[in-house]
Amino acid sequence: MTTLERHNLASGADGKQGYEVGYDASGAVIVTEADAPDVKATALAGGCSAGAETMQAAARRAGALEILDQYAADYPAGPHDKPQSMCPAFGSLRVGLRMKRVATLLSGSACCVYGLSFVSHFYGARRSVGYVPFDSETLVTGKLFEDIRAAAHDMADPAQLDAIVVTNLCVPTASGVPLRLLPPEIDGVRIIGIDVPGFGVPTHAEAKDVLAGAMLNYARSEAEAGPVQRPASGKSDRPTVTLLGEMFPADPMMIGAMLAPMGLAAGPVVPCREWRELYAALDCGAVAAIHPFYTASIREFQAAGRPVIGSAPVGHDGTAEWLACVGEAFGLPAEKVAVAQNAVLPGIRDALAGAPITGTITLSGYEGSELLVARLLIESGADVPYVGTACPKTPWSAADADWLRSRGVTVKYRASLEEDCAAMEAVRPDLAIGTTPVVQKAKELGIPALYFTNLISARPLMGAAGAGSLAEVINAAIGNRARMAEMREFFDGVGGGDTAGIWEAAPNVQPQFRALNAKKLAKAARAAQAEQMI
């Protein structure tokens, strides 16, 4: 590693002139002034448990105003403060760990980094996660930023890496650790600095967009500056449609087969698996927002002049509408679009008829594909009265929401856990599909349930393959209602909540402690309400 000596003279305390030595030119960047020590001390004192409002206020005072305002615009939180899901940083961490020749460096509380690294390896990362620890001294004095920069220099090996993703978690973001001052590249290795605080990014699904958008922005600037490397997979000889959103590996191939009669090809899937795919993704004729919440990524594609298409080729109606929208985006004649529709729609219709689903299903999740799955279930014959998604409402899911509402479905964006559970309890469906706590609640009530992420979204959804992919697992689960009733009867009387299990004597509940705690909570709520009125 070569140390750069900047020969601008600096006056020392003794009045003598000396040289300032640095790794790179970040020392010349104009910084945002803030009352940093007080802000950092506030953030550190409360830590992750300080609460979203305290952390966000500290971050704004520390100079993160622009970042948080952009997140608020891209990922609006209303009508609820924040959906209940895992730490959002897992989403961006997962995207980086799935890319070839990309290293990850986290800066955050040790407990957060431990949890994120554990979950990433649980999902098969098979790669180390870098970590820059801090304490009160390094955070308040600003040495944490120096440690992050030194770690990036140590990791930057162009023979092994194309890029390093540096991520600030809650406390460093609230303390104003300025990742924007990191050099854009070190020895040819790109440096991508992002902030992914739990108080600014509502869900892990949207955190994927934070990193994907940052990478697209960097790649777009490279492409605008001059020639870039050709993707390892080569360049298509036909105009391509970039696919936005993680999906089952077979789905891009199914989409490619649908596009072929129109003289088009499926482009890369964003988030990409290697850096050079970003150039191919930008070099497309149109972008298909399969997952409609990738707001930052869509902004980069629109800046590159690429039209964006909502919805997805799911089910019979969805596929017909989507192919028509693709043809319109490319200016193709209606006859050519009709050829593509006629090639695929009969097979989808047959697949739906051959794998019917009978029963009432409530559906919720935080992956962003909930509305697409609901469309497929309804075309398969299921009654779906409620669909809840933790992701926000965007223009690119409008067609799906309209289609569902026209069939009497209640569609809830930014749905809370309480709303998902209330819908499930009110409907008492034959099957509840949802997040882990929804599934747990349903099974406690004797209602068959399936975890959306692992059992539903991890299946093909597009084309004829998607049309028949859900019936087997859905029908098998619905058929377990009698089994669930037997289990509920067997475990009846063992207690619930903090009295669950088998006790030698009656549980010592201590209701007076609960009453005292309830009074304390009510008093705190009244005090907070009075403070807001002042």
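Let me start with the aromatic pairs: the structure holds four of them. This is a predicted model, in which local features need pLDDT of at least 70, side-chain atom pairs count only at pLDDT 80 or more, and totals for chains, interfaces and linings use all residues. Side-chain values use heavy atoms, with hydrogens and water left out, and residues are numbered from 1 along each chain as its sequence is written.

A pair of aromatic rings is described by the distance of the centres and the angle of the planes. Rings of Phe, Tyr and Trp, the last by its six-membered ring, pair if their centres lie within 6.5 Å; planes under 30 degrees apart count as stacked, over 60 as edge-to-face and the rest as tilted.

Take Y218 and W275. Their rings are edge-to-face, 5.7 Å centre to centre, with 85° between the planes. Where do Y218 and W275 sit in the chain? Y218 is in helix α9 and W275 is in the loop between β9 (265-270) and α11 (276-282), so this pair links distant parts of the chain, 57 residues apart. Helices here are DSSP runs of H or I with at least four residues, strands are runs of E with at least two, and both are numbered from the N terminus.

Y218 has 16% relative accessibility and therefore counts as buried; the cut-offs are under 20% relative accessible area for buried, over 50% for exposed, and partly exposed in between, with a 1.4 Å probe and protein chains only. W275 is buried as well, at a relative accessible area of 1%.

F293 and Y294 make another aromatic pair, this one stacked, at 4.8 Å centre to centre and 25° between the planes. Both residues are buried.

Back to α9, residues 204-225. Its axis comes within 7 Å of the axis of α12, residues 295-303, and the two cross at roughly 20°. That makes α9 roughly parallel to α12. Axes are lines fitted to C-alpha atoms, for helices over the stretch in contact, and angles run from 0 to 180 degrees between N-to-C directions. Under 35 degrees counts as roughly parallel, over 145 as roughly antiparallel, 65 to 115 as roughly perpendicular, and the rest as oblique.

Which residues meet? On the α9 side they are D209, A212, G213, L216, N217 and R220; on the α12 side, T295, A296, S297, E300, F301 and A303. Contact means heavy atoms within 4.5 Å. By class, the contact of α9 with α12 has five nonpolar, four polar and three charged residues. Ala, Val, Leu, Ile, Met, Phe, Trp, Tyr, Cys and Pro count as nonpolar, Asp, Glu, Lys and Arg as charged, and the others, Gly among them, as polar.

Next, α4 (89-97) and α5 (110-122). Their axes come within 10 Å and cross at roughly 50°, and the two helices are therefore oblique to each other. A89, F90, L93 and L97 in α4 meet L116, V119 and S120 in α5. That contact has six nonpolar residues, one polar and no charged.

V387 is buried, with a relative accessible area of 0%. Its C-alpha atom is separated by 6.4 Å from that of T362, 25 residues apart along the chain. Leaving aside neighbours within four places in sequence, V387 is in contact with L363, E370, L371, A374, V409, T410, V411 and K412.

Finally, the totals. The protein chain has 23 helices and 16 strands. Of its 534 residues, 48% count as buried.
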